Amino acid sequence: MLQSILLLYLSVIGISVAQLTVAEIRSTSFTITWYNSPGSSYKISVVEEGTGSNSSGITPPTDAIEASQPFEVTMATAPSVPIKPNALYNVFVYDMTNPDVDELSNLRTAAPAPSMLSFSDVGTNQFIISWEYLNPTAIGVQTTTEYRVTYSDGCGSSQTESLSDIYTYMLQITGLTSNTDYSVTILAWKSDEIFTDDSASSPVATFGKPTELSATTVTTTSIEISWSAPDTTGSGSASIAGYVVLWIPASNDGSSTRDVIGTSATIDNLQANTDYRIIVAAKSTNNGVDAVSDALSATTGIRKPTGLIVKDTTSSTIQVTWSAPSGGNAVAITGYELAWTPATGGGSMMVSTDGSTPTTISGLNSNTEYTIQVTATTSGSGTGDKSDAVTEITVPDKVSTPTMTGSTSTSISLEWDVVGGSQTVTYTVKWNPASSDGTTSSTTDTNVASATIDKLSSNTGYSFTVEAVNDGGTGEGSNSVQFFTVPGIASIISVTLATDRTTKAILSFNLPTNGADNYQATFATSGESDKTFTSTISPINADSLTPGQSYDVTVRASNTAGFGEESSSSITMAPNPVTGLSATEVTDEYILISWTLPSSAASAIYDRQLIKYNEEGNVAQLEIRIDDITSTSYNITGLTSGVSYIIEVFSVSNDVLSEATSITQATANLGPSNIRIVNQTTTSIEISWSPPFAEVQFDSYLLSYVVVGDTASEVDNRIIAKTITSFVISPLDPGTLYRISVGIVGEATSDPVTEDIPTIPGVVKNLVAIQSNGNPTTQLDVTWDKPSGRGERINISYVGLSIASMNEMSVGFDDTTATLSVIPGNTYDITVSVISNELQSDSMVKMNAKPAQPLDLVSIPTIYNISVTWTPSDGFIQKYVIVALSDAIEQYRMDISKDDASHVIPNLSPYTDYDINIYSIIVDVTGSDQESERSLISNRTLAAAPPPPPANAAEGFSSGQATTTSYTFVLPADTFSSDNGPIQYYPVFRTTSLDGEAPNVNGPLEPCDKARVTECVAMWTDDLGNPATVLSGRRKRQAGNEQISFTLGNGEITRSPFPGSPTYTNVALDPNTGYRVAVAAKTDNDELTVTQWSPVVQTATTSNTVTVVIAVVVPVVVIIGLAIIALWFYRRLSQTKNRPNQQKLNVVDSVKDKELKRNILLSKFLTHIRNVSQPNLYKEFQNISFSYPNFSNSVGKLSQNDEKNRCQNILPYNRNRVKITTIFGEEGSDYINALSYIHVSTWGL
């Protein structure tokens, strides 16, 4: 009866899993036991430390497995993986019948057993056992560890030896019984605790050693050995399974082994000239090794030197190196013999070096082949093998200095002496321009002792060296010598006559590439000696030439190497002119002229004569050819009376004319002649004329004029006295062509002289230029009044001043407007010209085009700046102006250089909308600034920071609605401010821990569906409280958040706005469990601002749990009585310390600058008040930290509301200010400095 009551009591107070202990620990498993309550079932959860967590409370995780004690644990449960050696585990056993849990913490499994056990030096009464080193750190041992080696003979006799040095992993065991099998086990220990599993070995037996070990054959790389088998009499369970041959060089530089079946072996791949120690051991059938034979010493032979190579070769020496024979130094090498054999004899020499230092063989013949070998020598009479032979050829002798045999503008020919020797030789010619630094050069190869180097530059010095080359290498180069190419061709441009055309000529030519020292010109003709002229530049002036003579002309460039190719042309000099030209007879129809021939024979080289004549003022000439070179006169007929003629006579040589000899002579005149213009205006023409010869009798002049081409125009006649030879005709029409005739009236008659003469056209008036309404940046409209009179057309020319340009256009005479295509922002001088009869009259005006606006605006915002770029304005501007406005109020203005196309607008407010205007400016023709059209772009600065610290609203979170698996609470409006940007997301936190004032938002934001987390994010919502399933866009900025309701535990899946974050499942809450909740807010800035943790809220208790408790507790109270009830209270109070289901009040003690926080249970709060003295209680109250709510009052700070605030430091909050009726179109008209209600915060009280 008592036992039943005790079990019922243990079940009631939660002690249903008791006495949880470890029965056995191994490397990959362990066994646990516990008190098994009758009728109970159990589950077990095994978690490796640091890899997961168990379910909080008494509810097992889903991956727990059923178990009964004793229970061998071979697999962990979270996750399900095998138990690992040397690992820490936490074990939880859950009573599923009477809910409870017990825990074993930090249970460490054993390390693996020592491995790789092996035996060596097995003798008749001993052996050595070794194993793999076991690192103490790897098995978690930090203090002294020892190995315990136990060996037994299988007959009940066993012994144990200890090794306290954990870094020793081999042990020699002696004093054994011969012909006996032994088994061995090894453990690692620490302070009587086993830290490894047992490690066991197979039995090993002993028998005798091999004998008569000897070397039968020795080479440089191998030793053949043989031996006699050991005596195996009485060897216990083992027999000989084979042999192990071990050999060690005298240097003890490692050992090698080989398994052998018979009683002989060949050890190969040995080092030459090396002493070896050789032993043989027999292997037993029990996988052991028995006693070894006595050691045998043997020495390998000396190898030949290797690596004989030629390092350097000259015409008389060969330098070689080699490597010493490989192997050891059992027999000392004292030196080497170096031998060489040419086709005509050879030689040898002794060398004491080891061959690594180059050895020079000297006194050799140049351009000769030699065969070389080297042999190692010892202190005795013996030598090693000869090395492999190498063949080398000495290089040729130095080549003699080359000589130049020819030079052109692109090549130089050389020759030199042939070098001696028996080998085939080629020659390499190297050259580079003498002006270079010699670091680069060109080469050519030849098998003869001469070469022509082409593709060179003209008039350039080159340095040459010649080297002889054979299969052995390149001999010493010849002495360097310098030769020049001749200059290139100086091509003639022209040969022209000088100012003195009879004896001097000018020869112009193109200078050749790379120039020349001098240029020589030759003028050659038959019957005369060549005339030569020299210059250093072009042109060459030739003089003392013969008048009228024809010359063949050549020019060629020269330098120290000679003359380049010549260029040729020809020229004929002008002959001497005739002299004494005069008119010997003149009528109204002909003029007879005469002249004198050139006087001396030397100056009379010409082949014909030529007469040219034309009316004065008329450039068209008539020519008369005279082939008789002796003729001295000619009668020019068919002339017009009263006309003045210009007459020229030439001597001609090879179509080259002499200087002209000329006279001006008029034919006889019967009437007036030669009407001349004295002056022209828009309404008059003044003329003059020549009178008739004095012999002509007349009374007066008759002047007539009429409009040309106008049949309706009448002829006007004027009688003018014969003593007057000029007259002003007026009034006339502007721009009109008149036909004017002057004749004589009287006894004599003659045809009148006639000329067509225009008046000057009239000018345009009221000339105006304006910017076009349609496109003022690229068009100007020009208007004027129609000019008076006649005209053919109107020309408009406009010259750009700011950007140089010249443009012309024409319109009809009757047009009065024109549209000009112009460059934006450019200023123009505009000339409007009236054109008539090749005369014009001009009117001018100045105007500028409107500047073009900048285009393609791009803006990039930061928190406090906006960077703007644009495409520069077309045409001409003098500067840009950039203006930034916020809410139509100018916040920034700056003049910017016309050369800039970007600007950073600084010192802006975070998360504010700005309208940015950019326009260009010029100074117009009036001296005023003219603006372009404005380009506009709008953007918003970025959020400067996360939301400001929230109002302390968390105390209200605890007044929500709870079910067994969910909790709904409200986030009050304006808890978070949007001063730093609109709020985009809310993460909702929950915790079962009482630690900390607020969630940690700087670390990983763990989802609540992750195992074993005490603080987690249950869900993410947008700014309206809707589940955040996609990344939403930015909403319109508000003063603060709206009132939002959140429900924890509704199972919804939301996502974080952070890329790469997991989804968040709003998992159900546990019944009858205390939680604290908090809410964070996120702006466009990726940092979070969070409320403090709320007071503890409790989920509801399930009805099944209440029924069970009532059904069990009441009988217990009746049966066990007051003692059991007291013990039950004691148990419940103990559990309270570990379960977060009691509300606590935070009281802050301020000790100087350090805040100490202590928790007081509500049940003990009255006792605390009674026990604390009044001064100390007042001190606690004074030290409670106070804070003002961080609500926004931005509306009251607006400039338009300044006059409404009596005190600028006392402003209403946006969230609770009084709003009055808004006046349409007047911003801020709904503001008054008043509050509709007061929010009192009790956070922390």
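The legends below describe an overview and several close-up views of a predicted model.

**Figure 1. Overview of the protein chain in the predicted model.**
The protein chain has 1245 residues, and 41% of them are buried. Its secondary structure consists of five helices and 91 strands. Counting contacts between residues at least 6 apart in sequence, 63% join residues at least 24 apart. The accessible surface of the chain is about 63,600 Å². Carbon and sulfur atoms account for 49% of that surface.

**Figure 2. The largest nonpolar core.**
This core is made up of 22 residues. Phe969, Tyr986, Phe1046, Leu1048 and Val1079 have the most contacts inside it. Five strands each supply at least two residues of the core: E79 (967–971), E80 (985–991), E81 (1015–1022), E82 (1044–1048) and E85 (1074–1082). Strand E85 gives the most, with four residues. In soluble globular proteins, nonpolar side chains tend to be buried together.

**Figure 3. Leu1048 and the residues it touches.**
Leu1048 is one of the residues with the most contacts inside the largest nonpolar core. Leaving out residues up to four places away in sequence, Leu1048 touches Thr965, Ser966, Tyr967, Phe969, Val988, Arg990, Ala1018, Met1019, Asn1066, Leu1069 and Val1077. Phe969, which is among these, also belongs to the residues with the most contacts inside the core.

**Figure 4. The disulfide between Cys1008 and Cys1016.**
The structure holds one disulfide. The sulfur atoms of Cys1008 and Cys1016 are 2.0 Å apart. The link is right-handed, with 90° about the S-S bond. Cys1008 and Cys1016 are both buried.

**Figure 5. Thr522 and its contacts.**
Thr522 sits in strand E42, which covers residues 518–524. Thr522 counts as buried because its relative accessibility is 16%, and the cut-off for buried is under 20%. Apart from residues up to four places away in sequence, Thr522 touches Asp530, Lys531, Thr532, Asp552, Val553 and Thr554.

**Figure 6. A nonpolar patch on the surface.**
The patch is formed by Leu702, Ile719 and Val745. Together these residues have about 240 Å² of accessible area. Ile719 belongs to strand E59 (residues 716–721). With a relative accessible area of 62%, Ile719 is exposed, because exposed means over 50%.

**Figure 7. The salt bridge between Asp388 and Lys304.**
A search of the whole structure finds 25 salt bridges. In the one shown here, the side chains of Asp388 and Lys304 meet with an N to O distance of 2.8 Å. The pair links distant parts of the chain, 84 residues apart. Asp388 is in the loop between strand E30 (383–386) and strand E31 (390–393). Lys304 is in the loop between strand E23 (296–299) and strand E24 (306–313). Asp388 counts as exposed at 53% relative accessibility, whereas Lys304 counts as partly exposed at 30%.

**Figure 8. The salt bridge between Asp627 and Arg625.**
The N to O distance between the two side chains is 2.6 Å. Asp627 counts as exposed, with 51% relative accessibility. Arg625 is exposed as well, with a relative accessible area of 54%.

**Figure 9. The salt bridge between Asp710 and Arg790.**
The closest N and O atoms of Asp710 and Arg790 are 3.2 Å apart. Asp710 is partly exposed, with a relative accessible area of 28%. Arg790 also counts as partly exposed, at 33% relative accessibility.

**Figure 10. A network of salt bridges.**
Glu24, Arg26 and Glu72 are joined into one network. The salt bridges in this network share partners.

Terms used:
Residues are numbered from 1 along each chain as its sequence is written. This is a predicted model: local features need pLDDT of at least 70, side-chain atom pairs count only at pLDDT 80 or more; totals for chains, interfaces and linings use all residues. Side-chain values use heavy atoms; hydrogens and water are left out. Buried means under 20% relative accessible area, exposed over 50%, partly exposed in between (1.4 Å probe, protein chains only). Contact means heavy atoms within 4.5 Å. Accessible areas come from the Shrake-Rupley method with a 1.4 Å probe; for residues, only the protein chains shown count as cover. Patches are made of residues with over 30% relative accessible area and no salt bridge: like charges are joined within 9 Å, nonpolar side chains (Val, Leu, Ile, Met, Phe, Trp, Tyr) within 5 Å. A salt bridge is a side-chain nitrogen of Lys or Arg within 4 Å of a carboxyl oxygen of Asp or Glu. A disulfide is a pair of cysteine sulfur atoms within 2.5 Å. A nonpolar core is a set of buried Ala, Val, Leu, Ile, Met, Phe, Trp, Tyr and Cys residues joined through side-chain atoms within 4.5 Å.
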